[in-house]
Amino acid sequence: FKKKQFLYSLTYLGNPCSTGLLEFIIYFPVIFWKNYFSIIPIISILIFFFLISKETDSKIAILICLIHLCNLIYFEMGVAGSDFIMIGIAYIASLRLATLGFRNKNFLYLISSFMLFCFFYGSRSIFILLMPFNIYLLWLSFGKKVFTLFIPVIILTSLSYLVPFFINSEMFTPFHLFGKLYSLMLPIKYILVFGFIFIFLVEIKYKIISKNLIKKNNNLLFHILVLTIPLILSIIASLYQINNFAVWEELNYSLLFLPSILYYVAIKYKKELQFIF
């Protein structure tokens, strides 16, 4: 900071580094243990198992965790030490711990949710775009109390990006993701525009018909969609641009939303899954 220099450097592919500073919340042990990355997949699966077992039984939790582990992309990225593994788990974990914390007035869950929210939004600058949607959906369920959680999250996340940026914007590269998002979405921009208009009209229609469009504590699917839909579009758009499966690295983005989808399947269809056992 004194020399206005940062530890940011180009990736092995020559791209600007996109990692946010708040990844330090989870990855700080790497300071004194360089092989800490090797146990991240284990930590992420343990968190995932804990979350699912809180709302289903342990057998279903084990099954869903095994399905997640059998994903070849998960295996490859786990060996490579990708932070996508923990980021994907952190998203669903922060949302569900917040829900359980508010519902059961559990302060420990809320503190854990706060840390995971900061980690998630602070890991990649582009995730800040999801914050208003998450706040709105949680507000529908729990009212004004959600701001006691999110105001500190907003402050800490904003400072983690703005302070380094104002000190030395040239050396602080995580904001390049907005340019990458724009370039990926350019070929399908019209689909996005019409998609958002359609979603808006459908939401207005259902709000007129029923004020219970998003029932209390029952908006998990909407949280998942605001993450999953943009990422799927990015994955498809990237393949459209490169037209080469061999270098289709954006497919790794699926690790960011697959845990949320698997979690939703586990709690939505837990009665059906129990018949397996």
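Select E23, D83 and R124 first: these residues are linked in a network of salt bridges. A salt bridge here is a side-chain nitrogen of Lys or Arg within 4 Å of a carboxyl oxygen of Asp or Glu. The model is a predicted one, in which local features need pLDDT of at least 70 and side-chain atom pairs count only at pLDDT 80 or more, while totals for chains, interfaces and linings use all residues. Residues are numbered from 1 along each chain as its sequence is written, and side-chain values use heavy atoms, with hydrogens and water left out.

Display the R124 and E23 side chains, whose closest N and O atoms are 3.2 Å apart. This pair links distant parts of the chain, 101 residues apart: R124 is in the loop between α6 (107-123) and α7, and E23 is in the segment before α1 (24-27). Helices are DSSP runs (H or I, at least four residues), numbered from the N terminus.

Next, display D83, which meets R124 in a salt bridge at 2.9 Å, N to O. D83 is in the loop between α4 (72-80) and α5, 41 residues apart from R124. Are R124 and D83 buried or exposed? Buried means under 20% relative accessible area, exposed over 50%, and partly exposed in between (1.4 Å probe, protein chains only). R124 counts as buried because its relative accessibility is 9%, and D83 is buried at 11%.

Now select E55 and R96, whose side chains form a salt bridge (3.1 Å, N to O). E55 lies in helix α2 (residues 40-55) and R96 in helix α5, so the pair ties together parts that are 41 residues apart in sequence.

Move on to F117, F127 and F150, the residues with the most contacts inside the largest nonpolar core, which has 66 residues. Such a core is a set of buried Ala, Val, Leu, Ile, Met, Phe, Trp, Tyr and Cys residues joined through side-chain atoms within 4.5 Å. Helix α5 (residues 84-104) gives the most to this core, with 14 residues.

Then select H68 in helix α3 (residues 58-69). H68 is buried, because its relative accessible area is 2%. Not counting residues up to four places away in sequence, H68 touches (heavy atoms within 4.5 Å) I45, F48, Y74, I89, L255, P259 and L262.

Finally, select Y136 in helix α7. Y136 counts as partly exposed because its relative accessibility is 32%.

Technical notes: Helix = DSSP H or I, 4+ residues; strand = E, 2+ residues; numbered from the N terminus.
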